[in-house]
Amino acid sequence: MIIEKKWAICIFLLFFLNCLSVLNAQQSMIDYKVDSVLRLMTLDEKIGQLNQYNDDHLVTGPVTIDKDKATQIRQGQVGSLLNCIGTARTKKWQAIAMQSRLKIPLLFGQDVIHGFKTTFPIPLAEAASWDLEAIKLSAHIAATEAAASGIHWTFAPMVDIARDPRWGRIMEGAGEDPYLGSLIAKARVNGFQGKELGDTDAVMACVKHFAAYGAAIGGRDYNSVDMSDRQLWEVYLPPFKAAAEAGAATFMNAFNDLNGIPATGNAYLQRTILKGKWGFKGFIVSDWGSIGEMIDHGTVKNGYEAALSAITAGNDMDMESRSYKNNLAQLVKDHKVDIRLVDESVSRILRKKFELGLFEDPYKFCNPIREQKALNNPNHANAARQMAAKSIVLLKNENQLLPLSKNTKTIAFIGPLVKSLKQNKGFWDVEVPGVDSNFIVSQWEGIKHKLNATSTLLYAKGCDIEGDDKTGFPEAIKIATEADVVILSIGERRDMSGEAKSRSNINIPGVQEELLKALLATGKPVVVLINAGRPLVFNYTADNAPAILYTWWLGSEAGNAIADVIFGDYNPSAKLPVTFPRTVGQIPIYYSHFNTGRPVINDSNHLYKSAYNDLSILPKYEFGYGLSYTKFNYSHLQLSTHKMKASEQIELSVTITNTGKYTGEEVVQLYLRDRVGSIVRPVEELKDFIKIKLNPNESRQVRFVINKEKLSFYNKNLEWVAEPGEFDLMIGASSADIRLKDSFELVN
Ligand code: BGC
């Protein structure tokens, strides 16, 4: 028996070593091929590979029209195009590239942020699911559709930590927390890139925006960022590191300056950290025009200096600024840029083109039959519906108003978002050529399909999203009085959050909350759906509506998913991935803050405390918050030991019981606090979580492990250390709803 075991281990080791050597051989074969191509290239052709243009039929930045794009591609002066969708169009451009001297294929990049044809919930909404497998699947389906439609490369995931809901791009990331953000970053990279680059259901991921773009001062897009190294390393870099470790093929730098140095020209970020410390082997693309924008930042005088700054700092590809195209050759001739820097960048890009298999078959991703099949796969809609249901956060449910019965006699469905199709797609949807909006399930259709034939569904718009027109109120009030229950769908327009969509006022716009007030005055129960790309401020609604679902933007299956939740076919399980403030004045507000020397113990005593005189210290809804139709009880917290050495670990278990009437899922959250540190430690930090599903009366013991890694942080020398001392352990249903506590000690 023992001998057999030894043999099994030997065979496994041989197999493992064999796999490693095959992988190494594949890599060195690619390196060899890259070198051979590089040797054939002229300086102009090399610079061409670093040059990326926008295809003019879609625009996601300040436009620069090139009439002679085709000629430039034919001359080998372009390495990549963005915003070029569909096999017909990508094939057309690729055929032109094939007329160039060296026939180096083009890369087609696209912002596939939350779905391609099938639109999934916006990334912030998906993050609320805390369901890493579902998030990975969503990215994978997006990759499958995009790759079938000619795309090689998505400019996603955006992994910027965001703690300021005024910033419109908060919708595009995973929220405020570095731990949750890191796991989601990894899930998304794995989802996009599938098993292997080159597979026809995989696209290259592009992790963005490196780095700290989410901390733009005042929440104003493209603004400067000023932060300590501690904060950078502890909060903003971890999701990037996790994505790099997951094997992300590419990174994008950022529009912002970080402590006075534009990210695009930042050698510390790109060379020292990413390509150096983290050993990143892929390539870095600039953000749209960001090389040229360094002139406006004021760190360079002209395009010549901008190109010098970017390539020296490690930026490989130039998206749309033409700085490399217009200046790199001269910089090399002037001996300002060593040709080895150019060669390094070109090699990084060529390597990816080889890995994608484009040199063997440049039209590999241009198969119209596969395209049709992938864009019409019913499984995709199904997955989008499930993802959407998992993203909806139940914020309030007084007297168990929800779920509604499918036999409810009359429902009044009111609001400016009830019948819209496209609004549900949110920002960053992809307009796939030839696809109209009819495949999107409106909220109206979703609810209508679910109701029994004997039920009546009434509709009134009530008001617009913006503006002060109340002429629709009487009609809305009339149908509300005729109904047993009212559903009111309000919120932002989909383009009120997203890139360049910062807002200083994040209240629910227009007269929508006044409409709610009028409807509540009828005495009918009102369920409010809030559609938005960011945490909004809605105190009136929060304090007065009996039931609230935060539905974000849920994508093409929004209507079905909302109906699933409203009628109880899906029991909501989402938890907020970001803190919701009471007013804009509280921003930035996040759960893992420092204690300060004058902490507020409770809201009734603010005297000489770190507080506002006119406002509670507490958020409206905290990080990790979200209700279910059922209830969960937490008990029996047990630790394997209360003292651990750095080389050891603590195993802990806790019992969760579903004490309510519905089957449901709970996200059990584990927070730690390092009581005394050589630098200040946050009052709590998420360190682990698990999402479990329980039937009524079912109990399950869930287990966590605490090891040195979970106790570590960057000290003042930026060393990753775990310091001996006491730690508080908190297990909860949110960052504020802590159900069980204990403590333990890390000893020398
Ligand atoms: C955005 C990027 C995006 C790029 C291409 C830029 O304006 O910041 O996130 O990938 O445009 O569309």
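Strand β3 (residues 107-110) pairs with β4 in the parallel sense over two bridges, where strands are DSSP runs of E of at least two residues, helices are runs of H or I of at least four residues, and both are numbered from the N terminus; two strands count as paired if DSSP finds at least two bridges between them. The model is a predicted one, in which local features need pLDDT of at least 70 and side-chain atom pairs count only at pLDDT 80 or more, while totals for chains, interfaces and linings use all residues. Residues are numbered from 1 along each chain as its sequence is written, and side-chain values use heavy atoms, with hydrogens and water left out. The points below cover the sheet, the aromatic pairs, charges over rings, salt bridges and the surface.

**Sheet**

- Between these two strands, Q110 has T154 in β4 as its bridge partner.
- The open sheet has five strands in the order β4-β3-β2-β1-β10, with parallel pairing.
- Because β4 and β10 (318-319) stand at the edges with a single partner strand each, one side of each is left without a neighbour in the sheet.

**Aromatic pairs**

- The structure holds 31 aromatic pairs, a pair being two rings of Phe, Tyr or Trp (its six-membered ring) with centres within 6.5 Å, counted as stacked if the planes are under 30 degrees apart, as edge-to-face if over 60 and as tilted otherwise.
- One of them joins F580 and Y621, whose ring centres lie 6.3 Å apart with the planes at 80°, so the pair is edge-to-face.
- F580 and Y621 both belong to the loop between α21 (558-566) and β17 (632-639), yet the pair links distant parts of the chain, 41 residues apart.
- F580 has a relative accessible area of 0% and is buried, a class that means under 20% relative accessible area, with exposed meaning over 50% and partly exposed lying in between (1.4 Å probe, protein chains only); Y621 is also buried, at 7%.
- For Y591 and Y671 the centres are 5.6 Å apart and the planes stand at 75°, so this pair is edge-to-face as well.
- Y591 lies in the loop between α21 and β17 and Y671 in strand β20 (residues 664-674), so that distant parts of the chain, 80 residues apart, are linked by the pair.

**Charges over rings**

- The charged end of K208 sits over the ring of W428, 5.4 Å from its centre, the criterion being that NZ of Lys or CZ of Arg is within 6 Å of the ring centre and within 35 degrees of the ring normal.
- R681 lies over the face of F713, at 4.0 Å from the ring centre.

**Salt bridges**

- The structure holds 46 salt bridges, each defined as a side-chain nitrogen of Lys or Arg within 4 Å of a carboxyl oxygen of Asp or Glu.
- In the salt bridge of E126 with R188, the closest N and O atoms are 3.3 Å apart.
- Because E126 lies in helix α5 (residues 123-127) and R188 in helix α7 (residues 178-193), the pair ties together parts that are 62 residues apart in sequence.
- E126 counts as buried at 3% relative accessibility, and R188 is buried with a relative accessible area of 6%.
- E172 forms a salt bridge with K208, with 3.6 Å between the closest N and O atoms.
- E172 is in the loop between β4 (153-154) and α7 and K208 in strand β5 (residues 206-210), 36 residues apart, and both E172 and K208 are buried.
- A network of salt bridges links D111, R169, E172, K208 and E499.
- D543 in helix α20 (residues 539-544) and K620 in the loop between α21 and β17 are 77 residues apart, and the closest N and O atoms of their salt bridge are 2.8 Å apart.
- D543 counts as partly exposed, at 48% relative accessibility.

- K91 is placed in helix α4 (residues 87-97) and is partly exposed, with a relative accessible area of 41%.
- K91 and G219 are 128 residues apart in sequence and 40 Å apart in space, C-alpha to C-alpha.
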